[in-house]
Amino acid sequence: KTRVAQIDQATTDAYERQSVVNAAAHALGDAGLLDDADALLKAELKRSHSPYYFMSTLGANARQRGDKVAAVNWYEQAYNASKGPATRLQWGASYISNMVELSPADEARIEKAARAVLSEIAATENAFYERNRASLERIGKKLNEWNKDGKHQAALQKIRQQLDGICARLAANDPQRATCQNVMAKS
């Protein structure tokens, strides 16, 4: 705790702080000092140019404590604060994955988040390549696992219909179309 306090005080550059605070919070968490890690992260939220990293760690800390509601809320805040299409998709995938794991019965919230992410993808050029593709495939896999017993079929059908509409707008010869069509394919 003493060393983290020293580092916190000595690091004044905003970009350095992003890394240093993140590493310090993880060190505190690894030492079982989750409350101290949370205090450090929360104090940094207003100063950070990318607070969604800290929000995600706050979510992980809440999850470690067994506070599922707080964890999901932090992951949602991280998604909402994220900037840039690929980053938003990555944080959206994290939010959806954590909701499915921590509050699978909250079908309306999971559907709403998935549909929001897809709405953003619909407006994103080259949405089905590289990092975006990996995030979308993670969402598809997680949603298929969530519905493995068929309990969420209606919600999943709405999500699939939205994705089908996005895929249909891609040219038939566009390699992204096949990727799009396979995002939610059952494994």
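Trainee: What makes Cys167 and Cys180 count as a disulfide?

Mentor: In this predicted model, the sulfur atoms of Cys167 and Cys180 lie 1.9 Å apart, and since the cut-off for a disulfide is a pair of cysteine sulfur atoms within 2.5 Å, the pair meets it and is called a disulfide. The structure holds one disulfide.

Trainee: How many cavities of 30 Å³ or more does the structure hold, and what is the volume of the largest cavity?

Mentor: There is one cavity of 30 Å³ or more, and the volume of the largest cavity is about 50 Å³, which is consistent with that cut-off. Its lining is made up of Ile96, Ala114, Val117, Leu118, Leu136, Ile139, Leu143, Ile159, Val183 and Met184. The elements that contribute two or more residues to this lining are α7 (107–122) and α8 (130–146).

Trainee: How do you know to which class the lining residues of the largest cavity belong?

Mentor: Ala, Val, Leu, Ile and Met are among the residue types that count as nonpolar, and the lining names residues of these types, so the count by class comes to 10 nonpolar, no polar and no charged residues.

Notes
Residues are numbered from 1 along each chain as its sequence is written. This is a predicted model: local features need pLDDT of at least 70, side-chain atom pairs count only at pLDDT 80 or more; totals for chains, interfaces and linings use all residues. Side-chain values use heavy atoms; hydrogens and water are left out. On a 1 Å grid over the protein atoms alone, a cavity is a set of points where a 1.4 Å probe fits but cannot get out, and a pocket is an open set with protein on both sides within 12 Å along at least five of seven lines; lining residues have an atom within 4 Å of a point. Grid points are joined across faces, edges and corners, and a volume is the space filled by probe spheres set on the points. Helices (H or I, at least four residues) and strands (E, at least two) are DSSP runs, numbered from the N terminus.
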